[in-house]
Amino acid sequence: MQGTRILWADDEIDFLKPHIMFLNEKGYEVKTVTNGNDALEAFRNGYYEIVFLDENMPGLTGLETLAEIKNINPDVPIVLITKNEEEHLMEDAIGSKIDDYLIKPVNPRQILLTIKKLTENKRLVSEKTSMAYQQDFRNLGMTLNDNLSYSEWVDVYKKLVFWELSLEKLEDAGMHEILTMQKAEANMQFSKFIEKNYLGWLKNPETGPVMSHQLLKKKLFPALETSKPTFFILIDNLRYDQWKMINSVLTESFRVDEEDTYYSILPTATQYARNAIFSGLMPLDMEKRYPAMWQNDEDEGGKNLFEEQFIADQIQRVLRREVKHSYNKILTYEQGKELVENFNNLMGNELNVIVYNFVDMLSHARTDMAMIRELANDEAAYRSLTLSWFIHSPLLDLLKKLAQKNVKLVITTDHGTIRVKHPSKVIGDRNTNTNLRYKQGKNLNFSPKEVFHIKNPHDAFLPKLHVSSSFIFTKEDSYFVYPNNYNHFVNYYNETFQHGGISLEEMIVPYVTYSPR
């Protein structure tokens, strides 16, 4: 990069004149000194974008000079150059937060490569990432027009998340805009795909993906091992991209045995999707089997109060044997800490189910609280807030303890969420449910093009509250608003994170198995 200023300290600097001349010809400005004290004086009195330090100088050593420079500016890249290849010196250098380490004799091109890596890395990575996405953009665009299978849609979504996480590190607004448009196109095509295939999957399960009500039977139960406990941790409302963020922390202590996904049922809402997971049944079958426990939208009271009973019943129904298990739902920080303190009590169980509700509360808090809206004002910030919670949560404390044990770990969720941007008008009676991404009721009035309409709820294995009841689901990033309160709804809910409808983010969710490193 033209104009980059370099400070180079070496007591044999005269022998390095060919290196200095080479760098000058490349446009770099190099200040040379012969000892650590002069290096500190030059650094205090000038601005340098990279520092080269000889390790073995008279007076202050390279490591001592390094420590002093880092005290002045901890962000400047520093490269240690030495003849000494002893391991303890390398460890000391790494411990002192050295940015690179070169062994003498060094050649000019080695130095140039190091400079580019440390001072131009961001620009070079940005250019390469943008170019790679532009090439993949065309491939993705053509793929979206194909007749994709449910597994190919998973691949498309994973690729979009990969690019979203890669591009968010860049300051190229144009690339972000292109990706946003491509995600919108993908969700439009995915919604058509779900409309065409969803009811068929329910009637003929072998033709479709693993879904909420099949998850434990098909994925968890066959993998249970009596020799070691399995910890099944469901983080409510955790999208695939949010999982990717916390996975970077998890893999410090665990290795990924299998990264998988499954499809959430509709509605992609907790009372439907999570109850289906733990009962192993679709909502219509739950209503029949558990008439005293199943809660419809019109019913008052909590909608997820019987998960512990549901999973115990499913274990008996599917496995037909005793499985020593536990169930814990964590709603507060204190409950999380208490579980960590008592985690030894869980080690004797074959299966431990833990539900963590934080991410769901975060999405609702973002709707209700102005401060959270500011902290999570876009997708990247929402991911960042999730990661920050995870790093400081009792859940991570628990996982670190589990990493010291012989356990199997599963991280999953019940559904995802999407940032809504386009209002869709609906009219219903006073008994119509309040969810912004799906409605059920009688005499619903809506724009047919904007929704997935299931006229007979029983076709989707959903309860029918009235003879004329039907379900409608928003698609892509739409949300339902009532015309008589239109402005209020738009002002309050636009660009909030909601769930219940059809989108890649809500329906394709992670199921990941780990073992301790």
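This is a predicted model: local features need pLDDT of at least 70, side-chain atom pairs count only at pLDDT 80 or more; totals for chains, interfaces and linings use all residues.
What does Arg383 pair with? It forms a salt bridge with Asp241, and the closest N and O atoms are 2.8 Å apart. Asp241 sits in helix H10 and Arg383 in helix H17, residues 379-391, so this pair ties together parts that are 142 residues apart in sequence. Asp241 is buried too, at 1% relative accessibility. Both residues also belong to one network, joined by salt bridges that share partners, with Glu164, Glu168, Lys183, Arg239, Glu379 and Glu505.

Now over to helix H11, residues 270-279. How many of its residues are buried? The count is 10 of 10. Among them are Tyr272, Ile277 and Phe278, but also Arg274. Arg274 has 2% relative accessibility, and its salt-bridge partner is Asp236, with the closest N and O atoms 3.6 Å apart. Asp236 is in the loop between strand S6 and helix H10, 38 residues away from Arg274, and its relative accessibility is 0%. Just after H11 comes Gly280, with a positive phi of about 70°.

Glu195 lies in helix H8 and Lys475 in the loop between strands S16 and S17, so parts 280 residues apart in sequence are tied together. Is each partner buried or exposed? Glu195 is partly exposed at 29%, whereas Lys475 is buried at 10%.

And the total for the model? It comes to 29 salt bridges.

Technical notes: Residues are numbered from 1 along each chain as its sequence is written. Side-chain values use heavy atoms; hydrogens and water are left out. Buried means under 20% relative accessible area, exposed over 50%, partly exposed in between (1.4 Å probe, protein chains only). Helices (H or I, at least four residues) and strands (E, at least two) are DSSP runs, numbered from the N terminus. A salt bridge is a side-chain nitrogen of Lys or Arg within 4 Å of a carboxyl oxygen of Asp or Glu.
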